[in-house]
Amino acid sequence: MAKHIFYKGQALWSQMDPNMHLRHSAYADFCAQARSNMLQEFGLSLAELNAQKIGPILFREELKYYREVGLNEIVEVSVELSQFNRNNDRFSFRHTILKEKDVQAAIVEVDGAWIDTVKRKLTRIPQSWMEMISKLPRTDDYVEIGD
């Protein structure tokens, strides 16, 4: 059922909240790791980001919960590009978090951009990265803005 899985892992004791289900920030952590794994797989490693002095930043992160994730459950996180603005390189990603038996546990949507890590200001990505962006998996309702 799931496609574009970029993270698979166990819900750990340290990630549980007092109600004994996965705490809210752990969902965001899973998604951040999945995005990092995806970028690495498509040729944009942390080493490349650091060499270019560019890093991704988020403006919005929205989580929609559907089913609890409990201790020791295995989760899989898919990542798909849902929007890309060619005029300023801003992006949106949709993550689907599945628990065992392909049960949808959450949807996480993020909006972000790229920051010059030295100047601490928004920046454009190098043109050479556009080939990597063009290969990222896309949602069925993907929207591209700009030329």
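1. Basis of the model. The model is predicted: local features need pLDDT of at least 70 and side-chain atom pairs count only at pLDDT 80 or more, while totals for chains, interfaces and linings use all residues. Residues are numbered from 1 along each chain as its sequence is written, and side-chain values use heavy atoms, with hydrogens and water left out.

2. Salt bridges overall. The whole structure contains 10 salt bridges, a salt bridge being a side-chain nitrogen of Lys or Arg within 4 Å of a carboxyl oxygen of Asp or Glu. Three of these pairs are discussed in the points below.

3. Asp111 and Arg60. The closest N and O atoms of this salt bridge are 2.6 Å apart. Asp111 belongs to strand β5 (residues 103-116) and Arg60 to strand β2 (residues 54-65), so that distant parts of the chain, 51 residues apart, are linked; strands (E, at least two residues) and helices (H or I, at least four) are DSSP runs, numbered from the N terminus. Asp111 is partly exposed at a relative accessible area of 22%, and Arg60 is also partly exposed, at 31%. The term covers values between buried (under 20% relative accessible area) and exposed (over 50%), with a 1.4 Å probe and protein chains only.

4. Glu144 and Arg86. Here the closest N and O atoms of the salt bridge lie 2.8 Å apart. Because Glu144 is in strand β7 (residues 138-145) and Arg86 in the loop between β3 (74-85) and β4 (90-99), the pair ties together parts that are 58 residues apart in sequence. Glu144 is partly exposed, with 37% relative accessibility, and Arg86 is partly exposed, with 24%.

5. Arg94 and Glu109. This salt bridge has its closest N and O atoms 3.5 Å apart. Arg94 lies in strand β4 and Glu109 in strand β5, so parts 15 residues apart in sequence are tied together. Glu109 is buried, its relative accessible area being 18%.

6. Nonpolar surface patch. Trp13, Met20 and Leu71 form a nonpolar patch on the surface, together with about 320 Å² of accessible area. Patches are made of residues with over 30% relative accessible area and no salt bridge, nonpolar side chains (Val, Leu, Ile, Met, Phe, Trp, Tyr) being joined within 5 Å and like charges within 9 Å; accessible areas come from the Shrake-Rupley method with a 1.4 Å probe, and for residues only the protein chains shown count as cover. Met20 sits in the loop between β1 (5-10) and α1 (24-41) and is partly exposed, with a relative accessible area of 38%.
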